[in-house]
Amino acid sequence: MSEDKDAVDAITAQWFAVRPELDTAPMALFGRIYRIAKAMGDAVEERYQRFGISRGEFDVIATLRRSGSPYTLSPRQLSATLMLTTGGMTGRLDKLEKAGLLCRKPDPHDRRGLQVTITEQGLALVDQAVTAGLEVQHAALAGLTDEEAETLGGLLRKLLAGV
């Protein structure tokens with residue numbers, strides 16, 4: 001493969017050889033998006049492992065952090081934000097609570113509800129982990145100019161709005 005060609009080009013060339021009437025441009029575009037997302041997800045996940053958390057666990061404590069002080073949400077709010085089932089959320093919350101990164105307390109406004117709050121330890125960890133994850137992402141974008149990155153961001157935002 002030449003320097004300008006990648007594995008996705010090889011795949012679309014194979015399709016062209018057996019089905020030349022197909023327009024494989026969408027396959028090429030989404031194939032690259034998928035490969036980029038997978039590679040970046042793996043790289044960021046590896047970085048988070050240094051902090052003893054998975055990407056899914058990072059998502060929980062990062063959501064609490066982003067919510068602002070007092071860094072408290074209900075399990076239902078967390079599940080909705082992260083598009084997780086309540087069962088999936090419970091498992092993450094159990095592990096994070098056991099690690100001392102968050103705590104669950106009864107909701108004073110709802111006898112049946114709970115509130116999830118990030119701990120000081122969790123706050124320190126998520127602040128370090130988000131910085132480490134962003135380092136990986138900045139490194140991946142280093143080959144683009146600021147203008148190219150901004151254009152790419154706008155195009156991806158437009159594409160996402162259409163799906």
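In the predicted model, Glu21 and Arg19 are joined by a side-chain salt bridge, with N and O 2.5 Å apart. Glu21 is exposed, at 55% relative accessibility. Arg19 is partly exposed, at 36%. The count of salt bridges comes to 9.

Glu135 forms a salt bridge with Arg47, and their closest N and O atoms are 3.0 Å apart. Glu135 belongs to helix α6 (residues 120-141) and Arg47 to helix α2 (residues 25-49), so the pair ties together parts 88 residues apart in sequence. Glu135 is partly exposed, with a relative accessible area of 45%. Glu57 and Lys95 also meet through their side chains, at 3.1 Å from N to O. Here helix α3 (residues 55-66) supplies Glu57 and helix α5 (residues 86-98) supplies Lys95, so parts 38 residues apart in sequence are tied together. Glu57 is buried, at 7% relative accessibility. Lys95 is partly exposed, at 46%. Elsewhere, Asp6, Asp9 and Arg32 are linked in a salt-bridge network.

The model contains an open sheet of 3 strands, paired antiparallel in the order β1-β3-β2. β1 (72-73) and β2 (102-107) are the edge strands; each has a single partner, so one side of each lacks a neighbour in the sheet. Antiparallel pairing between β2 and β3 (residues 110-118) runs over 6 bridges. Arg104 stands opposite Val116 of β3.

A negative surface patch comprises Asp146, Glu147, Glu148 and Glu150. Glu147 is exposed, with a relative accessible area of 66%.

Methods
Residues numbered from 1 in each chain as written. Predicted model: local features only at pLDDT ≥ 70, side-chain atom pairs only at ≥ 80, totals over all residues. Heavy atoms only, no water. Patch = residues over 30% accessible without salt bridge, like charges linked within 9 Å, V, L, I, M, F, W, Y side chains within 5 Å. Areas by Shrake-Rupley, 256 points an atom, 1.4 Å probe, with all protein chains shown as cover. Salt bridge = Lys/Arg side-chain N within 4 Å of Asp/Glu carboxyl O. Lys, Arg positive; Asp, Glu negative; His and termini not counted. Charge placed at Lys NZ, Arg CZ, Asp CG, Glu CD. Buried < 20%, exposed > 50% of the residue type's maximum accessible area, 1.4 Å probe, protein only. Pairing = 2+ DSSP bridges. Helix = DSSP H or I, 4+ residues; strand = E, 2+ residues; numbered from the N terminus.
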